[in-house]
Amino acid sequence: MIDLTSLTARQDALLRGAAQWRDRNSAARVAAREALRNGEWPPEVVETALEGVLRDADEQLAAWRAPEADLTVLAILPGNVIGPTIAAAYCAAAAGSKLMLKSSSRELQLADILAAQFEQLGPPVAGTLRPMRWSGGDEDFEAKVFPLAQRIVVFGDDATIEDVKRRAPEGSVKGYGSAFSIGFVPSGSDIGAATQAAAFDVALFDQRGCLSPQTIYVEGSDAQAILFGHGLSISLCKLSPSLPRAHAGEAEIAAVAEFIRRLHVRALPPATHALGTIFVGPDKDGVAEFVVGAEPFSRPACPAFGRLVIVKPCRDATQAADAAKTLGPKLDSVGVAGPVTPSLQRIFMKAGALRVCSLGEMQRPPFGYRPQIADFANARVQ
Amino acid sequence: MWRRKLPCPRTEVCRYRAVKTHTALEKISLQTPRSADQIAADLDRRIEAYIRCSDPDSVEFDQLALELFAYQYANNDPYRQLCDQRGHTPSNVDSWRAVPALSAASFGDARIACFPEERTTVTFISSGTTRSGDPSHNSSDRSIHELENTKLYDASLLAHFCQCVIPDLDRIRMILLSPSFDDAPQSSLSYMLSKLYSTYGNGGGFFMREDALDVEGIAKALQESRERTLVFGTAFAFVHFLDYCASTKLRFNLPERSRIVETGGFKGKSRSVARDDLYDALSGTFGVSHEFCVAEYGMCELGSQWYDAGLSDAFAGRHVREQLKVGPHWTRTLVVDAVTAHELPHGSTGLLQVFDLSNRGSVAAILTGDLVTQSDEGFIYVSRSLAAPPKGCSIAVDTMLGAARD
């Protein structure tokens, strides 16, 4: 039985809250901007992420029709991207569950800002969100916290998720772990538009999330892949001022250098039109802003993170999909240049993709994609 | 001071003396045109002689190094591409230091060989220390090192082992915590140990089959040791055996001057033990003194090995240089910056870069993924490189590749 009065009140509050996140001048946005100012991401990246996270949430928030779940859910947040914190809070509230929001040590303030916003939005969402902090992997502390939750939604690497599953009640953990995404550029695509779109997907969060393309397949010859790689490097250069690369640590700088060294062996030979096949961006604080390498066709490469892209020629979408299929359950999104035709949708979904979207939209998943409202509405993993 | 009874059978007078340095290309052009096979055979012969040489000459090393570079540039397509990309080719390289180094991980990216596939006689596949982000080259995403023949490999491993581990003996009882090469035909370690066993072994044997350590067999063999014994195995195998000994309260008292060689570190295994703790446990459990417990450093991508200097120092009556790894005279090492790959000042810590003449059939200049500190006489191992995958949602590359294969 759905209590429509309560549901409507909850939806009203959440729709008002979501609107605030879309308003650059709202108290929540201003507070988040300030809180994240000196954090891991440049302000431009923070702004882009905050702008996008609930941009399309209204429809789903309004459409959710289910009895109030009234669960207590623990969400263990990722440190690599910003969006899931806000998305998790709104999904849990939409489901009518109480949420314990455990922040990553890399970003500790967004949960507090969300809790304050929920207080300001009033009943029935006020008081449903409890920010929590502890050092991840603290088994003694977690042994006390895990039993308080009927459901645990955890983001992180596969080892973290397995570790939580081992210690939580069976069937109570929903994990969002490591995954990889690819791009596909059909022949005849507008290369200028495609490279701009792909550059956005690569640049936002510097590929630290699961939704950035690491390998982009270009339908056609080696030369076409090289030209796309060249275009992508230009687009990444142009995008840099508005979406700067985050500061790279020592390990990341070394990993990028090793990636370039290995490209010297893996890359296609320079093409007859005199273009090189390894495009290295300008130095920023000791690290290349980006690296694009054109390689022969093969399975997708997954070269760490830091705006590192492999471009490979392929015969057609079917061949690219067959290559993507080798990622197995780790394949997440496929971004295609131009419109997502039913044929492309079918080919890549059949290969195991969870989502097929346009290049440029890969980093802007629809609200409820990851996590989903249902994650917070059921005590058992569905 | 202990001395070996007989000289090693490897000593041979060096026949090559260079008088002037040339670029690698000049060296080639000074010679009558020859086929790749002729050049390879000539290099094999001359490098083998250099390995066996008791009085090695550094000018000669440079000459061989440059000729080897020219040969590998001409006959190894992926390596030539790398050299061309970096603008360092036989026409402008005049020292082994300037020869472009290939990342060890690149052995997982392409076929790194100077000869056609059908001439491969032995294929070594790494145990997974070399991280690769690309599953495209081989199904297991591990380094593959093919040998056209094992002449140089054998000469190299036997000579340096003899110098560093058994300078006092011709043969030694060997208890090997590893599968034999018959049981692990793609393991360079198993090949190496099988070769050492057949050449220098005197009883004992291999005590690992199908990834299972025969702990009871090892214990029995140790108890039966009445003469100097060498126990050689991976650190991980030793830890397993030490666990067994601890649980069964077993301790041994191996004959004086017995020795232990540990290799491989922990390579990302779930359990690791600090080096000092491991060596204390080894010394205590086996009854072998600390300076007789040494580490070997090697990898499937290299034909040569490095050993801790401790044992040979002890036998020579020298001050024991702890943890210093010494290489054979047919190799050279550099420490380079992990980002720029430029040579670092003496005493710095950086990536280990090796030039190994015994790698005739692949690439001689190899950039490893290991951080070391260089000294005059060798290097001290520090850790795996920071370029190991950083943490992040999409970064568990090895995990992913494992999952994709399942």
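1. Let me start with a loop residue. With 12 C-beta neighbours inside 10 Å, A:Leu148 counts as exposed, because the rule calls a residue exposed at 12 or fewer other C-beta atoms within 10 Å of its own, buried at 20 or more, and partly exposed in between, with C-beta atoms placed from the backbone. A:Leu148 sits in the loop between helix H7 (139-145) and E4 of chain A. Its C-alpha is 30 Å from that of A:Arg16, and 132 residues separate the two in sequence.

2. Some housekeeping before going on. This is a predicted model, so local features need pLDDT of at least 70 and side-chain atom pairs count only at pLDDT 80 or more, while totals for chains, interfaces and linings use all residues. Residues are numbered from 1 along each chain as its sequence is written, and chains are lettered from A and ligands numbered from 1 in the order in which they are written. Helices (H or I, at least four residues) and strands (E, at least two) are DSSP runs, numbered from the N terminus.

3. Now a contrasting residue: is A:Trp21 buried or exposed? A:Trp21 is buried, because 22 other C-beta atoms lie within 10 Å. A:Trp21 belongs to helix H1 (residues 4-22) of chain A. Leaving out residues up to four places away in sequence, A:Trp21 touches A:Ala28, A:Arg29, A:Leu50, A:Val53, A:Leu54 and A:Ile86; contact here asks for C-beta atoms, placed from the backbone, within 7 Å. A:Gly122 is 101 residues away along the chain, and its C-alpha is separated from that of A:Trp21 by 16 Å.

4. On to the domains of chain A. The contact takes 9 residues from domain 1 of chain A and 10 residues from domain 2 of chain A. On the domain 1 side, the touching residues divide into 4 nonpolar, 3 polar and 2 charged.

5. Next, the parallel sheet. In chain A, 5 strands form an open sheet in the order E3-E2-E1-E4-E5, with parallel pairing; two strands pair if DSSP finds at least two bridges between them. Strand E3 (129-132) and strand E5 (173-176) of chain A are the edge strands, each pairing on one side only. From one strand to the next, the twist averages 15°.

6. E2(A) joins E3(A) through 4 bridges, and the two run parallel; here A:Leu101 stands opposite A:Pro131 in E3(A). E1(A) and E2(A) also pair in the parallel sense, over 5 bridges, with A:Ile76 opposite A:Lys102 in E2(A). E2(A) is mostly covered, with 4 of its 5 residues buried.

7. What about the helices linking these strands? E1(A), H5(A) and E2(A) make a right-handed β-α-β unit, and so do E2(A), helix H6 (residues 110-121) of chain A and E3(A). Right-handed means that, with the strands pointing away from the viewer, the path from the first strand over the helix to the second runs clockwise. Helix H5 (residues 83-95) of chain A lies across strand E1 (72-76), E2, E3 and strand E4 (151-155) of chain A, running at about 165° to E2(A). Axes are lines fitted to C-alpha atoms, for helices over the stretch in contact, and angles run from 0 to 180 degrees between N-to-C directions.

8. Then the mixed sheet. Here 7 strands of chain A form an open sheet in the order E8-E11-E12-E7-E6-E13-E14, and the pairing is mixed. Strand E8 (278-280) and strand E14 (355-358) of chain A are its edges, each pairing on one side only. The twist averages 20° from one strand to the next. Strand E6 (residues 180-185) of chain A runs parallel to strand E13 (residues 331-336) of chain A, joined by 4 bridges, and A:Phe184 stands opposite A:Val336 in E13(A).

9. Finally, chain B in brief. Its secondary structure comes to 11 helices and 16 strands. Buried residues make up 53% of its 406 residues.

Note on methods
Two residues are in contact if their C-beta atoms, placed from the backbone, lie within 7 Å. Ala, Val, Leu, Ile, Met, Phe, Trp, Tyr, Cys and Pro count as nonpolar, Asp, Glu, Lys and Arg as charged, and the others, Gly among them, as polar.
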